[in-house]
Amino acid sequence: MTNWNTPQWPRAIIHIDGDAFFASCEQALHPEYRGKPVITGKERGIVAAASYEAKAFGITRGVPLWEVKNRCPEAIIVPSDYESYSLFSKRMFAIMRRFTSAVEEYSIDEAFADLTGLARPLGMGYVEIARMMQKTITQELGISVSVGIATTKVLAKLGSKYRKPNGLTAMPNDERREYLEATPVEKIWGIGPKTAAYCSKLGIKTALAFANQSSALVAQRFIKPHVALWQELNGQSVLTIETEEKTTYQSIGKTKTFSPVSSDPIFLHAQLLKNIENACIKARRHRLVASRLIVYLKTQDFRTRAIEGVLSRASAYPQDLLRVADQLFRETYEPQTMYRATGVVLTHLGPDTRVQTSLFEPPIRLEKLEQVYAAVDLLAEKFGKHTVHLLGSNVAHRAPQHARERAELPLRKQYRLKGESTRKHLSIPVLAQTLR
Amino acid sequence: MGRKKRQKPRNASTELRRFYTEHQRMPSYREAATLFRYRSPNAITYWVNRWTTTGIVRRDRTGRLLPGPALAPIRLLGNVQAGFPSPAEEEHIDTLSLDDWLVGNREASFMLKVSGDSMVDAGIQPGDYVLIDRGRTPKKGDIVIAEVDNEWTMKFFEKRGNRIVLRAANRRYPTIVPHQELKIAGVVTSVIRKYK
């Protein structure tokens, strides 16, 4: 019999993680891809997701596609179909919500849920609930997911990574130890390479070693988020399940790869402007303004040069960012170099209160910009993103982002069903094969 | 223990109606006690129970009094008891959107385009779209999408003896008797033919 409400499960947190999510979605949409190495990210020139069959060839995320073709000539390489992936993602969360409303959508392919107290009403143990969620997702969506169920978020996340693909790892209070012992400290969610190196200096190699440090030492040597990790690893749940949609951001970044590579400053500048316009759109949507921005260029051989600049006034209007961005671009750009991507990150974001005008700013200009962008956003809503854009980014908007085989569009962008427009598609995944 | 005869409140409906008209609400127990000249609110409880069964009053979730249907004709706030009854109110039924009706289990539904004519006799033509439910277990007589030789095919799911067979709705197609494990991708729940 299942033991409900034992000290084994003071809380029950589940973490569900899609296995090679994008590649799994492709396999669900194309039955002929099942059991075969599938790679997504054709448009980017590097692997975005690799199916487990492809991983067997040593192919991981970020590997250039020419290398994929060398290692595994039979690999099926497809352009990313974010529209369909996002439908699968929403469905995965919806299935989890059949069991509990306390679901946190952590990313497109990951979610947490709080199952505490549900064992009795659902008439099964927490592990069985977890197994049922996993089974339902696999059956209804045709993708596989890995599941961790534990007493805290950090432990649950550790569990979902522990056995993959299609794994289920349950960590009641008294079984925590062995999992922590087998986990190197850098594999803990929230511990970066710097902290891992610091831990290693302190002689902390495993998650268990970290968890076994005294609270005094942890409080003294580590920053607050890491203290929270330490608590969570010790079974003390301090991180809450965030069910609200995320509307606050630390930073907003936009980057886009293009092909072929280019050293043309006008083209590169246009690409950068397009990213700035995109970042500003997102900032305005969340009523945020940035006071700093980082501009970066990525070279053909994947080196990145980035420079940060300060704005004279916090803003989310491309015009306000232009002068600083141009200057940063001139400092970053080297004429003889071939580039593959540009990017921008807006940082030091704050709420848009529209008061901090600089001393020398004629407020008339600001008011005009406000009116212009209110109209621009309205037009975008009606006729599509970038209906009105800066002249400087025109080249980037007009030319296709990619050339040759990389220009291939995902299937769902190649056709329209009756009644669909280019901007409005049916909210149901359309399987790729036609029926005979 | 002799049973004490309870003094019946006089003109209960009229008094309650008057109170309601004046205050735009029903009395509390204490107010009702005062209204009917009882010393304690406890005493009124018996009558409230009686009124509940006769439909003069109702109680809300917290136990407070609400006007009952038998207290009419008073105008109920936020209700349509006055005037002609609305036919919509009479037909107390929930509606289903076309979307919900066609799709059913949202998360498990997928769409497929039909290109062949193997199901024409069942009314499914090339160019039609079918909605399939991946979560259902196929039953005899269902139209299913099955995986045969790495290709998907739409057929009737039927049984001969205890073998499963896949039958086309077109004489020109042979009935398939799967020899290996049969993979069913889903059960067809709707067929959509959109003209405009």
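Two strands are taken to pair if DSSP finds at least two bridges between them, and helices (H or I, at least four residues) and strands (E, at least two) are DSSP runs numbered from the N terminus. The structure described is a predicted model, in which local features need pLDDT of at least 70 and side-chain atom pairs count only at pLDDT 80 or more, while totals for chains, interfaces and linings use all residues. Residues are numbered from 1 along each chain as its sequence is written, and chains are lettered from A and ligands numbered from 1 in the order in which they are written.

In chain A, strand S1 (residues 13-18) and strand S7 (residues 145-150) pair in the antiparallel sense over six bridges. Within this pairing, Ile14(A) stands opposite Ile149(A) of S7(A), and Gly18(A) has Val145(A) as its bridge partner. S7(A) also runs parallel to S8(A), to which it is joined by four bridges; here Ala150(A) is partnered by Met171(A). These strands belong to an open sheet of five strands with mixed pairing, in the order S5-S6-S1-S7-S8 of chain A. Its edges are formed by strand S5 (103-107) and strand S8 (168-171) of chain A, each of which pairs on one side only. Neighbouring strands of the sheet are turned by 15° against each other on average, direction ignored. Helix H6 (residues 126-141) of chain A packs on the sheet and touches S1, S7 and S8 of chain A, its direction making about 165° with that of S7(A). Axes are lines fitted to C-alpha atoms, for helices over the stretch in contact, and angles run from 0 to 180 degrees between N-to-C directions. Contact between two residues requires that their C-beta atoms, placed from the backbone, lie within 7 Å.

At the level of the whole chain, chain A is divided into domain 1 (6-243) and domain 2 (252-398), with bounds that come from an automatic or database domain assignment. The centres of the two domains, taken over C-alpha atoms, are separated by 34 Å.

Chain B has five helices and eight strands, and 22% of its 196 residues count as buried. The contact between the chains takes 22 residues from chain B and 18 residues from chain A. On the side of chain B that touches chain A, strand S3 (109-114), strand S5 (143-148) and strand S6 (151-160) of chain B each supply at least two residues, and S3(B) gives the most, with six residues.

The model scores ipTM 0.75 and pTM 0.76. For chain B, pLDDT (the predictor's confidence in each residue, from 0 to 100) averages 81, and 85% of the residues score at least 70. Among the elements of chain B, strand S4 (residues 129-133) has the highest mean pLDDT (93) and helix H4 (residues 87-90) the lowest (54). Over residues 74-83 of chain B, pLDDT stays under 50. Where pLDDT is low, the predicted coordinates should not be read in detail.

Notes
A residue is buried if 20 or more other C-beta atoms lie within 10 Å of its own, exposed if 12 or fewer, and partly exposed in between; C-beta atoms are placed from the backbone.
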